[in-house]
Amino acid sequence: MTAAAHDLMTVASLTVDYRQQGQWHSVIRDLSLAVRRGEILGLAGESGCGKSTLASVLLGERRGERRLRAGSVQFDGIDLSTLRARELRRLRGVRLALVPQNGGASLTPTLRIGSLFAETLRAHRPHMNKAELAAEARRQLSQVGLPDPTGALARFPHQFSGGQQQRIALALALCRMPDLLILDEPTTGQDAMTRRGIIDLLIRLRLSSRMSMLYVSHDLATLSEICDRIAIMHAGEIVEIGQMEDVLLRPRHPYTRALVASIPRLEAPPDPALLPASRRTPERITA
Ligand SMILES: Nc1ncnc2c1ncn2[C@@H]1O[C@H](COP(=O)(O)OP(=O)(O)OP(=O)(O)O)[C@@H](O)[C@H]1O
Ligand code: NI
């Protein structure tokens, strides 16, 4: 297969600047990357290295304070910069979806959850009547572990916690069944059991639908559970990319080595000298 047949999204030599106080600063520099069809690609890197900026640019979002200084972003052979706003909206509504880092903020505050789903689902399941739309919305909400999905449909976004809003945003993105789903820190702020549920759901979806995903996180432990390949980003550049196991076992770049070394190893017993006195095993006193 040619590269184009393998790759759903291709980023070539991308440089992105933000304007601050009248000056342009590059936050992404000469970055190249491809998301292959059917894979989950992880994107890891420290806070501020440019992950969310890249996610937003991949979605074709245009902002006044930002410019693409060089390079290109292609989705399935289409250069996003050549699309009109309406064509981009259509692509985003159907084939390309993002669950933003602050997912709650992406939910229209004046619409009840039921209306948000009806609006999204109507474009994809035009034959569904009202009752069927509500049933599908409930199914999607329970998939992401939201309690009381029926009651949830009548509520507004602000009546949910941040973590719940994030899961509603995820459910809305999933019901479109996009070809490429970009997830920006989808499990940050979720408790351990909910996090597990979301990861299992994404793994199942990938197996059943061949949906491609770009999973952005600074948590290497989570990425190692779900990703086929991983890209390590540092100061606006990709410093390493490869199969998950290869990068974890044989990190080549010094930054990747430091990142891998920082994964907590639960199986290793903690050094007793480092534990607070209350958790140290008391010395056995023999009479
Ligand atoms: N609207 C903006 N205007 C100016 N600079 C910005 C803007 N948005 C982001 N930046 C800068 O761009 C850089 C990358 O930010 P970005 O949000 O992409 O990082 P990130 O890797 O997603 O971080 P985190 O892990 O904390 O979410 C940061 O230095 C940030 O200060
Ligand atoms: Ni971010």
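**Notebook: ligand 1 and its surroundings**

I started at ligand 1 in this predicted model: one of its oxygen atoms has a polar side-chain atom of Ser47 2.6 Å away. I count such a pair as a polar contact when N or O atoms lie within 3.5 Å; within protein, one must be able to donate a hydrogen and the other to accept it, and residues adjacent in sequence count only if both atoms are side-chain atoms.

I then looked up two further pairs. A polar backbone atom of Gly48 is 2.8 Å from an oxygen atom of ligand 1. For Lys51, a side-chain N or O atom is 2.8 Å from an oxygen atom of ligand 1. On its own, ligand 1 has 640 Å² of accessible area, and the protein covers 67% of that (Shrake-Rupley method, 1.4 Å probe).

Next I listed the shell. I found 13 residues around ligand 1, with Ser47, Gly48, Lys51, Ser52 and Thr53 the closest (a heavy atom within 4 Å qualifies a residue). By type they are three nonpolar, seven polar and three charged; Asp, Glu, Lys and Arg count as charged, Ala, Val, Leu, Ile, Met, Phe, Trp, Tyr, Cys and Pro as nonpolar, and the others, Gly among them, as polar. Strand 1 (7-20) and helix 2 (51-58) each supply at least two shell residues. Helix 2 gives the most, three residues. I took helices (H or I, at least four residues) and strands (E, at least two) as DSSP runs numbered from the N terminus.

I moved on to Gln165, which sits in helix 7 (residues 162-174). Why do I call Gln165 buried? Its relative accessible area is 15%, and buried means under 20% (1.4 Å probe, protein chains only). A polar side-chain atom of Gln165 lies 3.0 Å from the backbone oxygen of Phe160. Leaving out residues up to four places away in sequence, Gln165 touches Gly103, Gly104, Leu107, Pro157, His158 and Phe160 (heavy atoms within 4.5 Å).

Of its 287 residues, 44% are buried.

Last, I checked confidence. The model scores ipTM 0.99 and pTM 0.89.

Residues are numbered from 1 along each chain as its sequence is written, and chains are lettered from A and ligands numbered from 1 in the order written. Local features need pLDDT of at least 70 and side-chain atom pairs 80 or more, totals for chains, interfaces and linings use all residues, and side-chain values use heavy atoms, with hydrogens and water left out.

Technical notes
Buried means under 20% relative accessible area, exposed over 50%, partly exposed in between (1.4 Å probe, protein chains only).
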